[in-house]
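Dear colleague,

Please find the structure below, together with its sequence. I would be grateful if you would read the notes that follow with the structure open beside them.

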Amino acid sequence: MLIDGHGRRVNYLRVSVTERCNFRCQYCMPEKPFSWVPKENLLSFEELFMFIKVAMDEGVDKIRITGGEPLLREDLDRFVKMINDHNPNVDLAMTTNGFLLPEAAQRLKDAGLKRLNISLDSLKPDVAAKIAQKDVLSHVLKGIDKALEVGLKVKLNMVPLKGINDDEIVDILEYAQQKGMKVRFIEYMENRHADQSLRGMHGKEILAKIKERYTIRALGREGASPSFNYIIEESGYEFGLIDPHKHDFCESCNRIRLTAEGFLIPCLYFDEAMSIAKHVKKGDIEGASQVLAQVLKDKPKENRWSEEDPNEEDISSRAFYETGG
Ligand code: SAM
Ligand code: SF4
């Protein structure tokens, strides 16, 4: 079992397979980064899998593939199959912008993927295009339909932004409800890579928009998930809110992150990371396991996003497209 320096059990590994992306979301990667990680520095699926096996053998039973946009990595279904064949009971999920799902969903399902989180910030083509800086909506909606059609469990993620998509919170909730998917509203997390003019909505403001239409009741947190659940009294529909500015979920944080070039990241907010690359490249399982133990020992107690208006030190320098969110 993996226990961190604050006594928390860690059983969840998020694996970013690429930092590249076919969108340029204003809150994540508004411009193409000055330099990408050179392709030769990316770990191969075999190298990533070697570490995943170490983590699974030590107690990780939940894995999420993310990015950048994970579907840009060629043959991703082969990677999904490697993990699923090793342990078909692992809770194997992926987060994607959905653009490439119309072609990929069936292959992912056949390879053993169980769940998908798809990012959907707007149902208006012009607003979706403004956020992603590309005409994306029709592909994403087709991707959602395809994922549901092949039998994947789908949740939606929406990041509400003031003056951009804050009038669509109820519309997205109702769209998700109508299709039988859960939606999770994620507070915008300030970071140095985003468009600095953006203003996110606090959890309270998101809930206030929903309360204008519905009566809602708080249900509580789902295990160690950062998502706090609510129920709409009128329909019994449940949705989630992820509000990292409160950091009350940090006390049960169960996750670590692995980047595409092999950095193990103990917390989304902080810059600290240790590399397992040289160990997996040599097949040194013991070395990789020691790095994992060190990262767990050093895992911070909580993030530093503040509930107040952010000042300089509350803005994380971590790039979401590197860590996978
Ligand atoms: N490209 C995929 C996607 O967009 O779903 C996976 C990677 S993306 C970094 C993972 C999640 O992080 C997405 O749901 C995205 O909306 C969220 N995200 C990115 N930047 C964020 C920010 N600054 N604040 C809150 N959520 C963010
Ligand atoms: Fe790409 Fe996802 Fe970041 Fe948008 S949030 S730029 S889709 S990695």
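Which residues in α6 meet which residues in α7? On the side of α6 they are I169, V170 and L173, and on the side of α7 they are I206, K209 and I210. Please bear in mind throughout that this is a predicted model.

Helix packing

Helix α6 covers residues 169-179 and helix α7 covers residues 203-211. Their axes come within 9 Å of each other and cross at roughly 70°. An angle from 65 to 115 degrees counts as roughly perpendicular, and α6 and α7 are therefore roughly perpendicular to each other. Sorted by class, the contact of α6 with α7 comprises five nonpolar residues, no polar residue and one charged residue.

From α2, the contact is made by D77, V80, K81 and N84; from α3, R107, L108 and A111 take part. The contact of α2 with α3 has three nonpolar residues, one polar residue and three charged residues.

The contact involves L101, P102 and A105 of α3, together with H139, K142, G143, K146 and A147 of α5. By class, the residues of the contact of α3 with α5 are four nonpolar, two polar and two charged.

Ligand surroundings

Around ligand 1 there are 20 residues, of which Y27, G68, S119, N157 and M189 come nearest. A polar backbone atom of Y27 is 3.0 Å from a nitrogen atom of ligand 1. A polar backbone atom of T96 is 3.2 Å from an oxygen atom of the ligand. In the case of N157, a polar side-chain atom lies 3.1 Å from an oxygen atom of ligand 1.

Which residues are found around ligand 2? They are C21, F23, C25, Y27, C28, M29, G68 and N97. This shell has six nonpolar residues, two polar residues and no charged residues.

With kind regards

Conventions: Residues are numbered from 1 along each chain as its sequence is written. Chains are lettered from A and ligands numbered from 1 in the order in which they are written. This is a predicted model: local features need pLDDT of at least 70, side-chain atom pairs count only at pLDDT 80 or more; totals for chains, interfaces and linings use all residues. Side-chain values use heavy atoms; hydrogens and water are left out. Contact means heavy atoms within 4.5 Å. Helices (H or I, at least four residues) and strands (E, at least two) are DSSP runs, numbered from the N terminus. Ala, Val, Leu, Ile, Met, Phe, Trp, Tyr, Cys and Pro count as nonpolar, Asp, Glu, Lys and Arg as charged, and the others, Gly among them, as polar. A residue is near a molecule or strand if one of its heavy atoms lies within 4 Å of it. A polar contact is a pair of N or O atoms within 3.5 Å; within protein, one must be able to donate a hydrogen and the other to accept it, and residues adjacent in sequence count only if both atoms are side-chain atoms. Axes are lines fitted to C-alpha atoms, for helices over the stretch in contact, and angles run from 0 to 180 degrees between N-to-C directions. Angles under 35 degrees count as roughly parallel, over 145 as roughly antiparallel, 65 to 115 as roughly perpendicular and the rest as oblique.
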